[in-house]
Amino acid sequence: MDFNDTPEEAAFRKEVRAWLDANATRKSDDKASFRARNDDPELLKKAKAWQDMKAKAGYARITWPKEYGGRGGSPILQVIYQQEEANYLVPLGFFDIGLGMCIPTMMAYASPEHLQRYVKPALHGDEVWCQLFSEPAAGSDVAGIRTRAERAKLPDGGDGWVINGQKVWTSGAHYSDYGIIITRTDPNVPKHAGLTMFFLSMKTPGVEVRPIKQMSGGANFNEVFFTDVRIPDSQRLGKVGEGWKAALTTLMNERLAVGMPSGGLDVDELMELARDTDLEDGPAIRNQQVRSKIADWYVQQQGLKLTRYRTLTALSKGQTPGPESSIIKIVAAPKMQDMGAFAMELMGPAGIMKEEVPHAAGFQAQWIGGAGFRIAGGTDEILRNIVAERVLGMPADVRVDKDVPFNKLK
Amino acid sequence: MDFNDTPEEAAFRKEVRAWLDANATRKSDDKASFRARNDDPELLKKAKAWQDMKAKAGYARITWPKEYGGRGGSPILQVIYQQEEANYLVPLGFFDIGLGMCIPTMMAYASPEHLQRYVKPALHGDEVWCQLFSEPAAGSDVAGIRTRAERAKLPDGGDGWVINGQKVWTSGAHYSDYGIIITRTDPNVPKHAGLTMFFLSMKTPGVEVRPIKQMSGGANFNEVFFTDVRIPDSQRLGKVGEGWKAALTTLMNERLAVGMPSGGLDVDELMELARDTDLEDGPAIRNQQVRSKIADWYVQQQGLKLTRYRTLTALSKGQTPGPESSIIKIVAAPKMQDMGAFAMELMGPAGIMKEEVPHAAGFQAQWIGGAGFRIAGGTDEILRNIVAERVLGMPADVRVDKDVPFNKLK
Amino acid sequence: MNFDFSDDQKLLKEQLRKFLTDKCPTKVVRRVLDGNETHADEVWKGLVDLGVPATGIPEEYGGLGLSPLELCVIAEEVGRAAAPVPFDTSVVLATEALKLAGSDAQKKKWLSELAAGKAIGTLAIAEGPQPPKPRGIRTTFGGGRLNGKKVPVADGEAATFAVVLANTGGQGDRAVSLVLVDLTQAAVSKKRVETIDPARKHAELTFKDANAEFLGAEGEGWRTLERLYDAAAVYFAFAQVGGAEAAMWMARDYALQRQAFGRAIGSYQAIKHKLADCYVKLELARSNAYYGAMMLTDGGADLPLAAAAARIAATDAYDFASKENIQTHGGIGFTWEADTQFHYRRARVMALALGGPMAWKDKLVSRLEQKNAA
Amino acid sequence: MNFDFSDDQKLLKEQLRKFLTDKCPTKVVRRVLDGNETHADEVWKGLVDLGVPATGIPEEYGGLGLSPLELCVIAEEVGRAAAPVPFDTSVVLATEALKLAGSDAQKKKWLSELAAGKAIGTLAIAEGPQPPKPRGIRTTFGGGRLNGKKVPVADGEAATFAVVLANTGGQGDRAVSLVLVDLTQAAVSKKRVETIDPARKHAELTFKDANAEFLGAEGEGWRTLERLYDAAAVYFAFAQVGGAEAAMWMARDYALQRQAFGRAIGSYQAIKHKLADCYVKLELARSNAYYGAMMLTDGGADLPLAAAAARIAATDAYDFASKENIQTHGGIGFTWEADTQFHYRRARVMALALGGPMAWKDKLVSRLEQKNAA
């Protein structure tokens, strides 16, 4: 066993590193992050420029076929590129959904003309895409979509659709140019049967984006309202009524994208805090209760990192990874919340203050953010269901809505 | 607020204490217990004698109406009697099920002649009763009863029933004279509808009792097999097909009976152990990890005791207690298992040995017994369902078997 | 056996709940959270009119002279509403400090002003980073002059006086004393500090030769503080129980109404058992809090142990209920518009205010050792 | 990135699993549990024929000279079967002790006998109550004579020799040394002791002027033991992972087949999420164990930290899986006839054998401190 690259991987890593050194600035402190702050237009501009450079150099989407601007490389090469890129001060995060989920769905369903038109601009960062799935009544239950799409004639007399409804939790909708959207086209059939997917310009008349302020204060998500939004039938992705199948394609890609929560404080900072905290009976780091918590979280942190290595090993060997990575968010999210809360306790009364104590803001952000991380992209409960059903082969929950027409559901 | 008796209660306590002093030996050490060991016939004999004395003195069933040998007293008086009796070396535990569940059910459904015949001997301990409900396929799902009762002519030509099937987890079946049994009399209707309750002599031909050896080594429970057991229709309790209603009467009485796990080691002994255990960095009691566990368990132990006091307060005021006592087993059972395991860890390698370390056997018994206590009389999972549904008013689980004829269930 | 509140006390509780449901709905908490007010003054005035600050103050000092039990049921309702008022600071900490250590003159002046709602008091212990310890206190008091900086101080801006822990030059635990200081004098400057709970404003207080006087004997500060915290732990426990119960029912109500996969999410065991666990922790906390109240009332010898148990159980119940309330709500529960955040923030602030669970667990076992030794 | 076992190692694992499924089904474990045998000798002989004891022993001493990775996959399968054989004592502890500290002569004699299956070794540290500490060891060794009592000693009856921790009169940690003693001599008496896991027999060993010799340098006993425990922790972790996985699937299979309220109990979230948690703990343990194996192999500097992490995660996973396996089975799972008890008992014995989780968590943080300091 070892963590080393294969000769091919090593060569690629060397090549990537050389290119990055030539084109970007290396981070001084590996905690420093250039996280997308959605309210900084400058940052988006920089991100688009960087994305274009990557695309030109063939690093934008390594696993994509050459004809789409990829290099038909194996997933491990993609990972290696990202590992290396993470060491440089470059603006990331704007194109993951578009290139990771939307465009792959386009590739599966869109016409050659549309692919001709949309793939390249997306790859080069000229156009940003978002994914319009979740709705107020369709969270964990994605198929609970209520946004309607009805056949309609367009002003130009062509066949088209008119969309009415609301989406929610749409990341980046406020800076996106296009989106893929799932709609209900037939309420008279069971919920999974009546869905159809489209893509559309976010500039289409009737589309309105409103940011959602989170408990953490941030606003990475949006509500998107659709009022008589008319689009041509040519923007349909897949057959009418087969939107669920198309959505699964997208969500599968999402699952592949799920990784570790990057950045953030962890056991190192907690130990630092425990060393610097002076309890009545001495430094907190000597307190066995503190030590046992540090040990538990270290074991989890290491366990997740090493689990990720097992997945990478499979990729490196050209195998499909096992289900082990399904544990990552189940462990990481509560750990984030609990460690944040515990760190605040260590700080004493000042633990509630935004400044004063080193790392205070950071650990407070974990305590708040962890509450959100336990929900976003699959709640703790849904993820346990998934593990039980897909990994352990246990029965799905009883579905009372399976064969009932959507409009008959209470 | 206070823990004091009302004048009436105080007077009764005084009276009881006087009677007990006159008729039984006070315990020296309050941990000393005279727990029913089912394999000691002597003990049963002593228990019957003691029960007879109690009955004659009017203490056997204080809440029962006078005509049945009770004194029509309030539940709190019953509790006070038990509190006092617990301080004396007297053999208990043989009649709780009979007097707590079986006879009350008889009172609700049996004929005056039968009551005339059976109540007194039960009260005086001459006859022991057991409850024949659980079956291999009917545990948490009590209504899953498969034991069949079919109408049949008796040898004497009278109307009767023939019973075939198996019961399990029957406490005391091996020393019981009578039992109440729930059977399926109509498999063609949904599961709750086809049940009927009877009582019968455990000496009836075709009844066979086999003890069950538990993981703990003990054998307090039995399997009971019924092969062509014939009983007259006069031993039916309630209408044909209304056995479920009758069973609920019994189980409701059971729920009232559920109390705290008496005896057993607790935080005091754990602290004793921690004081006597010498870790590398000093006595375990100084270790903050140990202290935090002791604190958590103390808070639970106190919380349960005090919760019980809240229930007693309601009884003392003649009110119906709130649902708070439903938490007792949910907390006590895992605490028992975890504290046992932790105590063994404190003892070091010798923690696995039955002798050697003081309290070793006791804590090991908790570790094993706790695993059983989490299951017996309602699993952790069932109890949480009950709290969620009855206390918090949340919906019952989806029931796929509700309206399906029993013999159509897979 | 009489381990419950009296009918009068339950009536008082009902009255408080009606008042707060009516005058202090969550939109009031949000107003303070989003705004600049130090607290919801109209709610505070209403509580003063109801005699809340006067409840535990002896009649000779203009109070109602009611028992701690009355204050406990009030605390539970204030906690349930997560009311943005200086209750735990002024009605609990400052008032109890005066009752414990105040001279007759001090009581006459301050307790009667508190009872009349003319004064708002607070307690100022912490000095930034590090859990407070006698040897760590840098604020000094001598020759009637107080100098130093205290932060964070809950309700520091709203308060008209403060009980301050200051170094008075003794040895070990006797190095510190409690000092009473009028905050309206020029020698005191106040600065708001940002915390995780903007609905509960905190400040930094700076003293430059401020006039002050001993509260209690010199060198007794740390001992008095320990006793003050035991009493406060019980009142806080009731407030935490109230908050935990509110969060639990908020989650339960949402779970009944929110549909997923064709049925209420409240019909899934993952949610049912989560809320059942909330209830279990809540009842453990309530029972321990009741015992704390009982020990407070008849000055029971068991108070230190009872207070620690109540504190630990109530902190656990509130933390758990407030965090699983968000989880039960899902995405909507994590938005700024959601009311779930009030209890999540308040739970953490209350958990740290008197020292966190770790410290109290250590205290509890020490007290258990003393008891067993006795 | 090559963080996985090789195809050959996986093949070996398959082979072991086939053998044990066939020769060591649960009824063999039950036979030892209920009976008087010291261990399942036919299973042990079979493992000897497969070369299991020889696996990690260098060829020069008659072993197969395979890497620790091979022994790790074997350990996982032995743990999965909860096999009643002297694997962790003889193949892991005694063998590793000799490899770590043995002289060439000692290795020649004992390693080759172990490899050939002629000898069974064990480790004798504890002396009844109290966690072992250098200052607490009362067994003495001097002038070639060993005197004292060791209890509990796993496989003490089956073992033909033991590595014993004895006081040799030095200061502090240097007060103790490891000593090699032949258990077949008359000066050694053995007595079986009852434990919570009758399927794994333990004994009390008494030495009266028994002939013995140093294993490693005098006064080095405690240090060597620490290193021995680190290596053993990794092998134990694999055995615990195997046992946890077996318990998890036992529970899952039962949950699919057992019906309640008209459907499989495995369709209820309470059971699904419980077993999902088993899986989560299992994968955390597996990943940490893999890293331990990797550190064992190339004598990695990170071994002390990796071993502690593997030990903690695996102990937690096995404890949880074995106890929730009983819970998932309900009443039937608590009977003596149920196979659930084998893992419940074994999990506890393995958790305590090398020192419990509390001690290892303290060790882990100390090693983390050293690493960060470096």
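The expected span of a helix is 1.5 Å times one less than its number of residues. Helices (H or I, at least four residues) and strands (E, at least two) are DSSP runs, numbered from the N terminus. This is a predicted model, where local features need pLDDT of at least 70, side-chain atom pairs count only at pLDDT 80 or more, and totals for chains, interfaces and linings use all residues. Residues are numbered from 1 along each chain as its sequence is written, and chains are lettered from A and ligands numbered from 1 in the order in which they are written.

**Helix α10 of chain A**

- Helix α10 of chain A covers residues 360–373. At 1.5 Å a residue, its 14 residues should span 20 Å. The end C-alpha atoms are 19 Å apart, so the helix agrees with the rule.
- A residue is buried if 20 or more other C-beta atoms lie within 10 Å of its own, exposed if 12 or fewer, and partly exposed in between; C-beta atoms are placed from the backbone.
- α10(A) is mostly covered, with 12 of its 14 residues buried. Among them are Phe363(A), Trp367(A), Ile368(A) and Phe373(A). Gly369(A), Gly370(A) and Gly372(A) are also on the buried list.
- What do these buried residues pack against? Within chain A the partner is α9 (328–347). From chain C come α9 (303–329) and α10 (340–353).

**Domains of chain A**

- Domain bounds come from an automatic or database domain assignment. For chain A it gives domain 1 (7–94), domain 2 (129–256) and domain 3 (259–376).
- The centres of domain 1 and domain 3 of chain A, taken over C-alpha atoms, are 27 Å apart.
- UniProt positions are given in the numbering used here, feature names are shortened, and annotations may be inferred rather than shown by experiment.
- An unreviewed UniProt entry places "domain: Acyl-CoA oxidase/dehydrogenase middle" at residues 130–229 of chain A. That stretch is 0% helix and 47% strand. Its end C-alpha atoms are 17 Å apart.

**Chain C as a whole**

- Chain C has 11 helices and 9 strands.
- The radius of gyration is taken over C-alpha atoms; the globule rule is 2.2 Å times the number of residues to the power 0.38. With 374 residues, a compact globule would come near 21 Å. Chain C has 20 Å, which agrees.
- Along the principal axes, the C-alpha atoms of chain C fill a box of roughly 75 × 50 × 40 Å.
- Of the 374 residues in chain C, 65% are buried.
- Two residues are in contact if their C-beta atoms, placed from the backbone, lie within 7 Å. Among contacts in chain C between residues at least 6 apart in sequence, 74% join residues at least 24 apart.
- For chain C, UniProt lists "domain: Acyl-CoA dehydrogenase/oxidase C-terminal" (unreviewed entry) at residues 219–355. This span is 78% helix and 3% strand, and its end C-alpha atoms lie 21 Å apart.

**Where chains meet**

- The contact between chains D and A takes 37 residues from chain D and 37 residues from chain A. On the side of chain D that touches chain A, the elements giving two or more residues are α7 (221–257), α8 (269–297), α9 (303–329) and α11 (357–373) of chain D. The largest share, 16 residues, comes from α8(D).
- Ala, Val, Leu, Ile, Met, Phe, Trp, Tyr, Cys and Pro count as nonpolar, Asp, Glu, Lys and Arg as charged, and the others, Gly among them, as polar. By that scheme, the side of chain D that touches chain A has 22 nonpolar, 9 polar and 6 charged residues.

**Backbone points to check**

- Most residues other than glycine have a negative phi, and most peptide bonds are trans.
- A cis peptide bond joins Val151(C) and Pro152(C), with omega about 0°. Pro152(C) lies in strand β3 (residues 145–154) of chain C.
- Val151(D) and Pro152(D) are also joined by a cis bond, with omega near -5°. Pro152(D) is in strand β3 (residues 145–154) of chain D.
- His359(A) has a positive phi, near 70°. His359(A) sits in the loop between α9 and α10 of chain A. His359(A) is partly exposed because 17 other C-beta atoms lie within 10 Å.
- Asp209(C) has a positive phi, near 55°, and is in strand β7 (residues 202–214) of chain C. With 12 other C-beta atoms within 10 Å, Asp209(C) is exposed.
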